[in-house]
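Q: I would like to learn how to read a structure step by step, taking the general idea before the particular case. Could we go through it together, beginning with burial and aromatic rings?

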Amino acid sequence: MTLPPLTELLASARVVALPLATRFRGIDVREAVLLEGPQGWTEFSPFTEYDDEEAATWLAAAIDYGWREQPPALRTEIPVNATVPAVAAASVAEILARFDGCRTAKVKVAERGQSLDEDVARVHAVRAAMGPEGRIRVDANGGWNLDEAEHAIHALADCDLEYVEQPCASIEELAELRRRVKYMGIPIAADESVRKAADPLAVARAGAADLLVVKAQPLGGVRRALEIVSEAGLPAVVSSALDTSVGLAMGVSLAAALPDLTYDCGLGTAALLAGDVTATPLLPRGGMLPVGRVGADPSLLDEFAAPADREQWWHERIARCHAVLSAAAPR
């Protein structure tokens with residue numbers, strides 16, 4: 001991939017700080033950079049704690065989406081799931097109401113400072129709200145050790161789980177947990193073991209997962225994510241990283257290009273934002289999102305502009321990540 005000059009990236013860069021409707025991943029504000037390339041608006045939004053090597057992959061994705069034509073779409077809309085943060089069980093119905101028509105819910109569990117009893121209560125509340133035909137998946141973000149994960153899956157078994165996402169942090173733990181719970185018929189999904197791994201295919205080779213969770217930005221773009229899914233030979237769930245609607249459109253492009261789309265996608269998370277960069281956010285309607293690019297609205301970029309010091313921080317980060325990509329580029 002030919003890198004555009006750093007000056008070209010910075011010329012269009014708009015840094016925003018979007019308030020969240022509900023605290024998520026321990027934050028109340030989501031920062032992101034919107035860039036305008038020849039193909040349209042794109043997004044660079046690695047979380048602030050990620051180092052430059054990891055964040056550079058997100059910049060590669062932003063450049064790929066903004067500066068190159070994308071693979072052809074095989075569908076015009078995609079199904080999405082509701083996302084339930086680690087909230088009290090009493091708040092579940094309010095959260096689910098933001099996700100119009102979604103038949104699937106992903107529930108965050110294993111949050112630091114919360115007990116398994118709270119997780120179980122939250123998942124039961126989701127099951128009660130969605131009824132017996134709703135699909136429920138839980139995401140632990142690697143927060144359990146092996147024995148905790150096995151105990152938690154047993155505690156949640158009566159909720160008829162679709163799958164458990166990243167219950168443990170290591171591939172070795174995932175492989176052993178999958179062996180232990182296989183008789184229960186609850187699949188194990190890998191997320192961090194794909195998007196944060198030096199070798200995203202290692203989890204598939206180890207037989208440590210039944211399916212993969214793939215995200216366009218962390219994997220370096222739509223093309224690279226499609227390659228990983230093809231090489232892994234496992235079913236894939238397309239998800240997001242709390243992107244703006246511009247970034248979500250990149251994820252939708254990935255989902256639309258997958259030959260098989262068995263699972264509802266985790267791309268409805270604009271419903272968790274209290275502000276966005278477009279006047280027509282990518283919100284679920286009848287449980288679906290349309291396929292297509294999203295443009296940033298200049299007035300909203302102004303309204304949610306990050307303070308000057310944060311803008312400078314992000315510009316410097318882009319410069320460092322651009323240097324990482326330049327050093328890795330073929331000579």
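A: Let us start with a term: a residue is called buried when its relative accessible area is under 20%, and exposed when that area is over 50%. Please keep in mind throughout that this is a predicted model. By that criterion, both Phe-44 and Trp-314 are buried.

Q: How many aromatic pairs does a search of the whole structure find, and what is the geometry of the rings of Phe-44 and Trp-314?

A: The general idea is that two rings pair if their centres lie within 6.5 Å, with planes over 60 degrees apart counting as edge-to-face. The search of the whole structure returns six aromatic pairs. For Phe-44 and Trp-314 the ring centres are 5.8 Å apart and the planes stand at 90°, so this pair is edge-to-face. Because Phe-44 belongs to strand E3 and Trp-314 to helix H12, the pair ties together parts that are 270 residues apart in sequence. Ring pairs also link Phe-44 and Trp-314 with Trp-313 into a cluster.

Q: Which parts does the pair of Phe-47 and Trp-58 tie together?

A: Phe-47 lies in the loop between E3 and H2, whereas Trp-58 lies in helix H2, so the parts joined here are eleven residues apart in sequence. The pair is edge-to-face, with 6.3 Å from centre to centre and 80° between the planes. Phe-47 is buried, with a relative accessible area of 6%, and Trp-58 is buried as well, with a relative accessible area of 1%.

Q: Is helix H2 mostly covered or mostly exposed, and what do its buried residues pack against?

A: An α-helix has 3.6 residues a turn, so residues three or four places apart point the same way. Helix H2, residues 52–67, has 16 residues and reaches 21 Å from its first C-alpha to its last, close to the 22 Å expected at 1.5 Å a residue. H2 is mostly covered, since twelve of its 16 residues are buried, among them Ala-55, Leu-59, Ile-63 and Trp-67. The buried residues of H2 pack against helices H1, H9, H10 and H12 and against strands E2 and E3. At the start of H2, a side-chain oxygen of Asp-51 comes to within 3.2 Å of the backbone nitrogen of Glu-53.

Q: In what order do the three strands of the antiparallel sheet stand, and why is one side of E1 and of E3 left without a neighbour in the sheet?

A: Strands of a sheet pair through backbone hydrogen bonds, either parallel or antiparallel. In this open sheet the order is E1-E2-E3. Strand E1 (14–24) and E3 are at the edges, each with a single partner strand, so one side of each has no neighbour in the sheet. Neighbouring strands are turned by 35° against each other on average, direction ignored. E1 and E2 pair over seven bridges in the antiparallel sense, and the bridge partner of Arg-14 in E2 is Leu-34. Helix H10 packs on the sheet, touching E2 and E3, and its direction makes about 95° with that of E3.

Q: What is the strand order in the open sheet of seven strands, and which are its edge strands?

A: The order runs E5-E6-E7-E8-E9-E10-E11, with parallel pairing. The edge strands are E5 (82–84) and E11 (236–238), each of which pairs on one side only, and the twist averages 25° from one strand to the next. E5 and strand E6 (residues 104–108) pair in the parallel sense over three bridges, and Val-84 stands opposite Val-107 in E6.

Terms used:
Residues are numbered from 1 along each chain as its sequence is written. This is a predicted model: local features need pLDDT of at least 70, side-chain atom pairs count only at pLDDT 80 or more; totals for chains, interfaces and linings use all residues. Side-chain values use heavy atoms; hydrogens and water are left out. Two strands pair if DSSP finds at least two bridges between them. Helices (H or I, at least four residues) and strands (E, at least two) are DSSP runs, numbered from the N terminus. Axes are lines fitted to C-alpha atoms, for helices over the stretch in contact, and angles run from 0 to 180 degrees between N-to-C directions. The expected span of a helix is 1.5 Å times one less than its number of residues. Buried means under 20% relative accessible area, exposed over 50%, partly exposed in between (1.4 Å probe, protein chains only). Contact means heavy atoms within 4.5 Å. A polar contact is a pair of N or O atoms within 3.5 Å; within protein, one must be able to donate a hydrogen and the other to accept it, and residues adjacent in sequence count only if both atoms are side-chain atoms. Rings of Phe, Tyr and Trp (its six-membered ring) pair if their centres lie within 6.5 Å; planes under 30 degrees apart count as stacked, over 60 as edge-to-face and the rest as tilted.
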